[in-house]
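Welcome to my notebook. Here I jot down what I looked up, beginning with a sheet and moving on to rings.

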Amino acid sequence: MINDTNFLCKQKKTALKTSFHKNHQITASMSKNFLFSFSFSIMIFNFSYSQEKLFFGKVVDDSSGKPITEVLITIASLNDQFTFSDVNGKFEMSSYENQIQLTFERYGYETTSVVIMANQFTTIKLSEAKIGLDEVTLITRNYKEKGIESLNQQLINSDVLQKNTAVQLGSALSQIDGVSFISTGQNIQLPVIHGLYGNRILILNNGFKHGFQNWGSDHAPEIDVGGADVIKVIKGAAAVKYGPDALGGAVVVENNAMKLNEDFYLHTTSSYQTNGKGYGLNTSFGEGKKNFSYHFGGSFNQIGDRRAPGYNLTNTGMKDFSFRGGLRYDYKDWSFKTNYSLVNQNLGILRASVGSSGSALIRNIEASRPTFIRPFSYSINEPNQEVQHQLASFKAIRNFADGSQLNISYARQWNTRKEFDVRRSANLPVLDLELETDDLQIEWEHSFSNRIIGSVGVQYFAQSNSNNPGTLVTPFIPNYEVKRYSAFIQESLELHNSVWEIGFRYDFEEDGVGGRDNRNTIFQDSFTFNNISFSLGHKWDLNAHTKIRNNLGFGWRPPNMAELYSFGQHESQTTFGLLRYQPSEQHIIEASSVTLFDESEISPENSTKYSSELEWRTNKNYLSVSAYVNYIQNFIFSRPIGVLGTARGPMPTFIIDQSDALFLGSDVSYTRYYHPNGKAKLGASYIWSRNVERNEALINQPPIHLHASMEHSFSDIGFVDELDLSIHPTFTFRQFQAPRDISVRSLIEGSADLAIDDPIFDFLPPPDGFFLLNATVGAKIKDFYISLEARNLLNTRYRDYLNTMRYFADEMGANFILSVNYSL
């Protein structure tokens, strides 16, 4: 399919020009007297019996209500009369009729014809067209959300997400340049954007901040990836649009759009993978009527112990179940949507990460293969995490005659988490948390002219976290409440071939906390934060093929409760938060008391980030080169300080620290469309980071990553409607910026002497770089799509620097995933 509204426009202009020349020749042959009398008669007739009438309105997306620009609008009976919708989706035409039939055409949308009345504002809703995968990729690459067009935005569509029902959010996003993931084993992954992760990367679940225990590298967001229509990644300081939690970027998960006027559909995917002998099923169905639509779906996945080259990774299985559903009803200019989702997970963690003594911990870390290996099993034992997340939301959208839109949204979330460890009372969780989240948003999208559009909004966000009794240990984090009040304004100005963007946001946060110290004494505290975020962006269409984007953002982020109050054992390590330790000459740190926040020197993070991107596109080429610099004052991070004894035995110990940090990096991606059905891609990501206050390296930063791919499709091969082939080699370098290493043996045996102000270190040197080869073959046969994907095809033995389990075991070996998708 050709994406060329300019081609349509040229056709219309040519028709007009031809018509003009013909009429001009006829007119020239008439006498001046006859011309005058004829024209005067026509004018009198029109004035006496008819006046020109105005037809106007707005074109919007059927699912989102957003205005659609550059829609070609023609009068069905007069093909030489046409116009285009403007930047706000508005259009205007004239005719002498009382009603006319207009045809609306735009690439990516179904062509629609509508009869509209004169002098009445009419809202036209267009539905997205059903198009192929390559065309979907083209649309997603062109899509830029208004207000943040100067930031790099990339999307992954549902065709990619539904191929493997058990894929995690982090690994799904890692195919995007500049995005990786930090993990704890095979089941727990967090996205990393330009070196930042955790509370600096906002995850929006169906329009709302995902309310989960977002701290550390061992809590993954409970996102049903198979139920997502689109996942969008915003690489940049998006704090004005989304709040302080988007300091490093945002991951926007958009669920079913519940389109109107859509036939009943059914999508079902079943899959089996060889590594872990995992199987899964994901299904969704729905329908759209004139004013009503619905969708429902769910998934189930179970995977047993994974396998590294040469041995089993004991207790690395997982089991999850999800359900989702939604309803939509449109009444006049209102659209109402309600959604509910449920995710249940049981995630195993490598058993070999647990050491009962100093000698056992030394063996676990120094061994070339885990010291605890058992035969394959689907059983999930300690250590493991049992998590449930529920989200219920309601949205009301009002479209006004002037083209503005009012959005009112509310969501409530419930998140429960139980973590179990290897101990005598193994049936009791060591962590038992309940987190409730309320999120109310009101936003007005408006346009002051055809060139100025923007949005103004307010938000109320509240969280309440409580520890359930019965764990027999001091809570790792205390009970707390957070209330945040926010207001923002964001405006865009279009000038010729460029767009200027500016935005401001103000946040005020109230925090209250209550818990017990290590002597079981109750402590309480309350404190507040407030600050302003600002962004200035510019997008310049240099010519028909080249775009340049620049963005300068100032953002901030308050420390989360885990960064302030972490205390004691959690998973395979011991951690102390900023307010839970003080320097000690005898024991490195002293953790017997809790410091009040106002008596501490802790400050929120403040970020200044500048990013620039060059995008060049022709019919056969696509090039994107981006660079960024991010200076963060009071950067909060976790760093090792030694090995301390616990009731479970010696454990690697970390403290939360603050320092000024600098991040520099670049992402490069080039795609060559060598054939109408084939393309090849090369990409690279590089980041340099530094603790500038102490002039030392930062820990757990992504190494240099290179990737390539080649994809080709063949049509009508026997009974196969379409055959897709792809190959994806990648190479990850050794992290040469890693801190020095001090072995666990030297720390336990006492040969290494440490102080809290000593340079940062790690317990192992960074692993070697590694090459991975992945490949996929897929075939469409009538209503079925069958694919076989091979990951780590060469069964390479390697360890990933961003996986905390690298201390104890290798990564997964070869994995073959067979998926069968049926669409009705």
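I started with an open sheet of three strands, in the order β4-β1-β7 with mixed pairing. Its edge strands, β4 (90-95) and β7 (121-126), each pair on one side only. Strands here are DSSP runs of E, at least two residues long, numbered from the N terminus, and two of them pair if DSSP finds at least two bridges between them.

A note on my source: this is a predicted model, where local features need pLDDT of at least 70 and side-chain atom pairs count only at pLDDT 80 or more, while totals for chains, interfaces and linings use all residues. Residues are numbered from 1 along each chain as its sequence is written, and side-chain values use heavy atoms, leaving out hydrogens and water.

Next I checked β1 (residues 53-61), which pairs with β7 in the parallel sense over six bridges. I found L126 of β7 as the bridge partner of D61.

Then I searched the whole structure for aromatic pairs and got 30. Rings of Phe, Tyr and Trp (its six-membered ring) pair if their centres lie within 6.5 Å; planes under 30 degrees apart are stacked, over 60 edge-to-face, and the rest tilted. F285 and F296 have ring centres 6.1 Å apart and planes at 35°, so I noted a tilted pair. F285 is in strand β16 (residues 278-288) and F296 in strand β17 (residues 292-303), eleven residues apart.

I also saw ring pairs linking F264, F285, F292, Y294 and F296 into a cluster.

How values were computed. Helices (H or I, at least four residues) and strands (E, at least two) are DSSP runs, numbered from the N terminus.
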